[in-house]
Amino acid sequence: MTMTDTHCPYCSLQCGMRLAAPAAGAAAQVLERPEFPVNRGALCGKGQSAASLLDPGLRLTTPLVRERRGGELRAASWDLALDRVAAGLKAVGERYGREAVAVFGGGGLTNEKGYLLGKFARVVLRTPNIDYNGRFCMSSAAAAHKAAFGLDRGLPFPLTDIARADCVILVGGNPAETMPPALRYFRELRERGGTLIVVDPRRTRTAEQADLHLQPVPGTDLALALGLLHLAIADRRLDADFIAERTSGFEPARSAAMAHWPERVERLTGIAVSQLRSALDLFAGAEKAIVLTARGPEQQSKGTDTVGAWINLCLALGKAGREGSGYGCLTGQGNGQGGREHGQKADQLPGYRSIVDPAARAHIARVWGVDEAGLPGPGRSAYELLDTLGTEGGARAMLLMGSNPVVSAPRAAHVTERLRALDFLAVSDVVLSETAQLADVVLPAAQWAEETGTLTNLEGRVILRQAALSAPEGVRTDLAVLHGLAARLGTPKGFPADPEEVFEELRRASAGGQADYAGISYDRIRAEDGVFWPCPTGAHPGTPRLFLDRFATPDGRARFVPVSYRPAAEEPDAEYPLYLTTGRVLAQYQSGAQTRRVPELNRAAPGPFVELHPQLAERLGVAEGQSLAVTSRRGRAVAPARVTDTVRPDTVFMPFHWGGAGRANSLTNPALDPTSRMPEFKVCAVRVERVR
Ligand code: SF4
């Protein structure tokens, strides 16, 4: 029996765990690892059952190749499969041009994989068209972070600061279901006498633990934040010294907020003026105060402005840039943070560098040993890439790693059609996901406990997920896949399959960038339970707290960004009279490709459902469990009713973990935020009917 300290395969908390790997043939076991500081031994049901994913019976163990479009996927050798992928990508590039070849990554990939995938796209394929599903997840918060603070790290402070705060406002996040071990920090906050305010259209398990729950109309979080700033200005609650010494641009933001007087905000959000006042009193009166956002306010066509409005509130009240106070984003995917730092995004190069910055391009070209002029510029964002697949001017071939857009993309039926329209699709995944089922070639990937790699958790802590056992016969790592493809496409050097070798290059590539990993090594991570970036040298201690002395802007001041309210891209009307909002449940994760295959998780959450308020259920004549059709302008989904007074009467909720008839993303709206290019998953207009 070997014991290996490693980390959970799922969310951005990256809980520490110990994996016991018995002799060959016996199943591995997840054990607690109490000394890891983030979760201190606690694991949710997903983490506890993670060893089930390793069962060879649940996963792919041989490459699959389709001889022709419409034919069957059949088992093939690795050589044949990689030859087919290389030939498929090459043929399309030669026929339609390099931009017709696209790469799509995932926020669950390790830093090493994300880095090498970006390099593969730009050096081997020489295409600008690489993006990843993290664009659907945290990009609005990232854009607002950059605009205000000059730098994006989900939490600019460790999670422990939540427990030590006097007031936390959590906007559109439900850690009680998405990352239960993190809830201890919110509990500790309340045990110390601090207050928790939750903003959510649903009374979630997290909202039930709040001192104050504000239940706004979906899509109106921006108005709420502006209304609170208006009240703070009107009631003279501002921190004038902080505004003067540590910020710039307050006046335009102040003017914009003044147009959002409390009664107007009450009309827009449905939140009473008295509740607005209570929230402001609690937040402004707290010595140490934090605002956290999650996907609720971010996955909107105005997500960047919405997060910006919450940051403005923090800045105006002096709740930023000092220990114990600040704004942070609860990142979702396992490597949602690291995934956006090292080159998977269409507009970025490693180290969180801009792909249009000449100095950044020159540095990366030097590290990669290529001519800077040959590096492509920015490509299309995730939805825009998917939306144009197989069209004139769009990509015609795609290599996809660690993502399942058939379930997770907005307007999913259309995205599925576009994927089908490709000349060639290759998918590397652990299981035959809904997207892999459309592929010409499927490559069976090794997974978390079978390969070593770093991830960056929601705090900006770089952790090491260590291999605990060998992958089954027939399975290869994504790094080995990129190594094999690069060689076949004429670049035999620069794509090592060894993760530590890739990380050493990543350190050099990130050196001097905002996300500077130069001082982080595998040995250091092992010895220190993770290292917070930026960490420019081996002697640097890492940076758990950012912005204490200055913000990362040229003048060191945080920037107010003036924002005004605008409605959702699609509001209810006579034909589609209700709001739909979507989200996650405790026992499933993202597109469910992994968790739907774990028996205990599937028993706990076997399928989709439609949550609706008893008043709405009565009006529609709907009983608990009745089959409902939910229809939007983009499609239809069918799932049983779950009648509950935890949701607003004007809103229905569906979880998004399933494909097929109950796929919530058949309904969602791909209206994009103009800055972050993030789709509006969190609000669209629907009608609900009983299915006979
Ligand atoms: Fe895994 Fe997240 Fe659950 Fe922790 S909270 S065990 S990282 S899924």
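This is a predicted model: local features need pLDDT of at least 70, side-chain atom pairs count only at pLDDT 80 or more; totals for chains, interfaces and linings use all residues.
Biologist: Which backbone nitrogen lies 3.0 Å from a polar atom of the histidine 657 side chain?

Modeller: That of valine 585.

Biologist: Where is histidine 657 found?

Modeller: In the loop between strand 27 (651-655) and strand 28 (669-672).

Biologist: Buried or exposed, this histidine 657?

Modeller: Buried. Its relative accessible area is 0%.

Biologist: What does histidine 657 touch, leaving out residues up to four places away in sequence?

Modeller: Among them are Val407, Gly583, Arg584, Tyr589, Ser591 and Arg596.

Biologist: New topic. Why is helix 4 called largely enclosed by the rest of the structure?

Modeller: Helix 4 covers residues 139-149, and nine of its eleven residues are buried, so the rest of the structure largely encloses it. The buried ones include Ser139, His145, Ala148 and Phe149.

Biologist: How many aromatic pairs does a search of the whole structure find?

Modeller: Eleven. Take phenylalanine 149 and phenylalanine 547: the ring centres are 5.1 Å apart and the planes sit at 35°, so this pair is tilted.

Biologist: Which parts does that pair tie together?

Modeller: Phenylalanine 149 is in helix 4, and phenylalanine 547 is in the loop between strand 21 (531-532) and strand 22, so the pair links parts 398 residues apart in sequence. Phenylalanine 149 is buried at 2% relative accessibility. Phenylalanine 547 is buried too, at 9%.

Biologist: Which residues form one aromatic cluster with Phe149?

Modeller: Phe547 and Phe551.

Biologist: On to the cores. How many residues has the largest nonpolar core?

Modeller: It has 116. Phe149 is one of those with the most contacts inside it, as are Phe120 and Trp310. Helix 8 (residues 221-234) gives the largest share, ten residues. Domain 2 (64-136 + 337-532) and domain 3 (139-330) each supply at least three.

Biologist: What about a second core?

Modeller: It is separate and has 54 residues, including Tyr10 and Ala165.

Biologist: Last one. Which arginine lies over the face of phenylalanine 609?

Modeller: Arginine 642, at 3.6 Å from the ring centre. Arginine 153 lies over the face of tryptophan 533, at 5.9 Å from the ring centre.

How values were computed. Residues are numbered from 1 along each chain as its sequence is written. Side-chain values use heavy atoms; hydrogens and water are left out. Buried means under 20% relative accessible area, exposed over 50%, partly exposed in between (1.4 Å probe, protein chains only). Helices (H or I, at least four residues) and strands (E, at least two) are DSSP runs, numbered from the N terminus. A nonpolar core is a set of buried Ala, Val, Leu, Ile, Met, Phe, Trp, Tyr and Cys residues joined through side-chain atoms within 4.5 Å. Domain bounds come from an automatic or database domain assignment. Contact means heavy atoms within 4.5 Å. A polar contact is a pair of N or O atoms within 3.5 Å; within protein, one must be able to donate a hydrogen and the other to accept it, and residues adjacent in sequence count only if both atoms are side-chain atoms. Rings of Phe, Tyr and Trp (its six-membered ring) pair if their centres lie within 6.5 Å; planes under 30 degrees apart count as stacked, over 60 as edge-to-face and the rest as tilted. A charge sits over a ring if NZ of Lys or CZ of Arg is within 6 Å of the ring centre and within 35 degrees of the ring normal.
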